[in-house]
Amino acid sequence: MSSASGEKRVLITGAAGFLGSHLTEHLLSQGYEVIGVDNLSQGREANLQSFIHDARFRFHELDVLDREALFEAGRGVQFVVHFAAYKIPRYYTPLKTLEINTHGTENALETARLNAARFIYGSTDDIYGKNPDTPFSEESALVMGEADVSRWSFAVSQMYAEHLCFAYHEKFGLPISILRYFGGYGPRQSPGWWGGPTSVFIESALKDTYMPIHGNGTQTRSFCYVTDMINGTINVMENPRAVGEIFNIGNPNEVSMIDLAYTVWGLSGNDQKPKLEFIDYTEFSLKYEDVKRKIPDITKARFMLGFEPKTSLIEGLRLTLEWHKIEGPLANAQP
């Protein structure tokens, strides 16, 4: 279809997920046509409700491992944005993580190749692995742990997927870009650990239950509000200079898990004393390794894309808390 920027049709995998639904909503507002695919194993139909009836949006409930169905859904697209992935297997077998993140990415790349489309790959900060030298730049070493530690299956699968992107770029001339996202949060974030510590802490504070903190809570992370992440993603999609490049997309400010828990508790309006529950890693894996710090260097994204996160952690948490109260899993569970 025509728009101010020409005909632009985008296939988004994981469209009913956190980033996928926000990107879909934004692209529709800019005149794009969006084809969303999701198997709804982690994505939520509720995330689609604000645009499900938009004439420029089509949704296909399918698995990215179903190659032929994905090919059919993606006919005629100019962009493929691949978000569908399985995360760190804290509580389940790593086999699904490995299968979806490798074979699923190959299927998405093939879809882009068949349509001569731009390919945007949503990677992760976890790919830097055990590298102790922070902040991480795109040239930082990727340091993986031992093969018998299931925690690393996610990072290894994402590393393989990135290599696959560049292999397609080299062999077929496929225009690819890779975004390594750091700590996304905001409205529509998944409940539980799938959505990250912000989701878990907010739900705990609102229910006045214990906040589960893995390890001793001194590990630090950086968190980036979803609108900033989407702006970075759009910048990559619309910038020809981003082809063949990797970008860190995140907010360089870091916070410890303990400080994050206390901040969430305070913002929640809960006037009770914060409840913290420290959980040893052995409770969900006999061999599990955490990362002490995950902080992005976003110099490259600033220079090449004009990317700059604008939402402070306090402001972003307030907005996310309001969503949890009104539309989040806890609110939806109430009669």
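The model is predicted, so to speak of local features a pLDDT of at least 70 is needed, side-chain atom pairs count only at pLDDT 80 or more, and totals for chains, interfaces and linings use all residues. Residues are numbered from 1 along each chain as its sequence is written, and side-chain values use heavy atoms, with hydrogens and water left out.

A pair of aromatic rings is described by the distance of the centres and the angle of the planes. Here, rings of Phe, Tyr and Trp (its six-membered ring) pair if their centres lie within 6.5 Å; planes under 30 degrees apart count as stacked, over 60 as edge-to-face and the rest as tilted. Across the whole structure, eight aromatic pairs are found. One of these joins F83 and Y181: the ring centres are 6.0 Å apart and the planes stand at 65°, so this pair is edge-to-face. It connects distant parts of the chain, as F83 lies in the loop between strand 4 (79–82) and helix 3 (94–114), while Y181 belongs to strand 6 (residues 176–181), 98 residues apart. Helices (H or I, at least four residues) and strands (E, at least two) are DSSP runs, numbered from the N terminus. Both F83 and Y181 are buried, where buried means under 20% relative accessible area, exposed over 50%, and partly exposed in between (1.4 Å probe, protein chains only).

Y128 and F182 form a further pair, with centres 6.0 Å apart and planes at 35°, so this one is tilted. Y128 sits in the loop between strand 5 (118–124) and helix 4 (152–172), and F182 in the loop between strand 6 and strand 7 (184–185), 54 residues apart. Y128 and F182 are both buried. Ring pairs also bring in F136, making a cluster of Y128, F136 and F182.

Charges meet rings as well. A charge sits over a ring if NZ of Lys or CZ of Arg is within 6 Å of the ring centre and within 35 degrees of the ring normal. The charged end of R113 is placed over the ring of F172, 4.9 Å from its centre, and K300 lies over the face of F247, at 5.2 Å from the ring centre.

T134 and P135 are joined by a cis peptide bond, with omega about 0°, and P135 lies in the loop between strand 5 and helix 4. L40, although not a glycine, has a positive phi of about 60°; its place is in the loop between strand 2 (33–38) and strand 3 (57–61). A116, also not a glycine, has a positive phi near 50°. This residue is found in the loop between helix 3 and strand 5, and A116 counts as exposed at 66% relative accessibility.
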